Amino acid sequence: MSSSKQANHANNDVNFDYKLWNQRKATFEDSLIKNLKSSISSGSVPSFVNYITDGVNELEALYSVLPGGSNGDESQLHRNKKLRTFFGEMCKTDVEGGFLVEFLVQIPVSNESIPQLANQYPLHIAIGAGAFTNVETLLNLPNTNANVLWKKQTPLMLLFKVTKAENFPLVMKLVYLLANKQADINIGDYTKHPLSVVCGLTTITDAQKHELLTLCFELFKCDVDSFFNGQARRDVTALLPDFVFEAKRAEISLEMMKSLLLAGIEDMFIDELDEFIQTRRNSTNELAELLMLASSKGRSQGVEAILSKSANNEELIKQIDKLSKVLKIVCSKGYPQVLELFLLYISQPAVFNERPLALTCVQRLYRARTAELEECLGMLLVDPRVSIELCDHLGRTALSFARQHEMNQEVFSIVDNEAKSLIRE
């Protein structure tokens, strides 16, 4: 973005009455949610459809007047806190399936976490609340991700944990649906394999455990040997000594790789990465997801493994916006080892100049000074590919922000770096 355009955006932001806009939005949201609740209480799906359709149109009109190029940005609706929280609350109590479906038609957040509800995903919310009709509705939607992780557990793992004698028939039905959605039964919560959870349940009988385990081995590729030091095999054998089952090797899925990164099991992640790349048809986009996750968690070994194997992957390197978002997270959290790897393996300057990374570091240093953030800023200042003069939508650069907040150490470092750059030129 040119400096003149950035200045225009800054002026628009200064003149825009955000307080009035937020008041208008809050009033409309409250009215919309009240009407939606009324439709649910009366069991009227048609009136719900009318309210949510008109409401989305009105909210889109509200968002369109925001400065900074917000026009037509549906992600604004996706991030709407009140509507996402409302949907999460809907998932807690079984409702006629049409209400959930119609909401998701307008605001497709079935695979997105809800920050106001402990960052749970809709499937986890419904399963945890025992709202199994809602679980069935969500699983019957074509795009629902049956392997999304919340607190290191998949929906299938959580379902096993809430299994009781009174809900056992419904659990068996949902296991079928999860299998049809390619749920991965080998992703545990980093303490146990899901099958070990089934074996340890005290809320169902041994006969019911036998029935559930039999179904799992029929529907899933159960790998009882590769994870948790083979504890799942020992648990199943101890519970059912005469139970016969075939040993199978788990598929290396995207969700499996994510779970390894989240657990910090980087050595196993690296061991499986080659097979993952070779067997996945859409490996470039999935590698970008893994790179984002590894970087945001500071998993430097995983980051290096991905970048070193992607040096010649032009499609990945071309995803400048995604890589830039990753770098902003890295600079915000202060992961110098990860930043160093990006600087080592990626040569394109555009990746480092899509966003004002130096400003991000300085802003974070203003909030909380750490040696890691200082190291990140130092690396950005000395790298010739990184433009320190980039500004945000308010026209702020790293230097102007540092001066405004009397950050003398950063002001000196930036000015000194600029002087040295002029001398080198």
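Modeller: Let's start with helix α14 (residues 254-263) and helix α15 (residues 266-279), which pack at an angle of about 160° with their axes 10 Å apart. Before going on: this is a predicted model, so local features need pLDDT of at least 70 and side-chain atom pairs count only at pLDDT 80 or more, while totals for chains, interfaces and linings use all residues. Residues are numbered from 1 along each chain as its sequence is written, and side-chain values use heavy atoms, with hydrogens and water left out.

Back to the pair: α14 and α15 are roughly antiparallel to each other (over 145 degrees; under 35 counts as roughly parallel, 65 to 115 as roughly perpendicular, and the rest as oblique). The axes are lines fitted to C-alpha atoms, for helices over the stretch in contact, and angles run from 0 to 180 degrees between N-to-C directions. The helices themselves are DSSP runs (H or I, at least four residues), numbered from the N terminus. The crossing is left-handed, meaning the near helix is turned anticlockwise from the far one by less than a right angle; clockwise would be right-handed.

On the α14 side, L254, M257, L260 and L261 touch M268, F269, E272, L273 and F276 of α15, where contact means heavy atoms within 4.5 Å. That makes 8 nonpolar residues, no polar and 1 charged. Here Ala, Val, Leu, Ile, Met, Phe, Trp, Tyr, Cys and Pro count as nonpolar, Asp, Glu, Lys and Arg as charged, and the others, Gly among them, as polar.

A247 is partly exposed at 46% relative accessible area (buried is under 20%, exposed over 50%, partly exposed in between, with a 1.4 Å probe and protein chains only). Leaving aside neighbours within four places in sequence, A247 contacts D225 and R233. Its C-alpha lies 8.7 Å from that of K221, 26 residues apart along the chain.

The contact uses A26, E29, D30, L32, I33, L36, K37 and I40 of α2, plus K82, L83, F86 and M90 of α5. These split into 8 nonpolar, no polar and 4 charged.

Both α2 and α5, along with α3 (45-64) and α8 (132-139), also pack against the buried residues of α6. Those buried residues are G97, G98, F99, L100, F103 and L104.

Conventions:
Helices (H or I, at least four residues) and strands (E, at least two) are DSSP runs, numbered from the N terminus.
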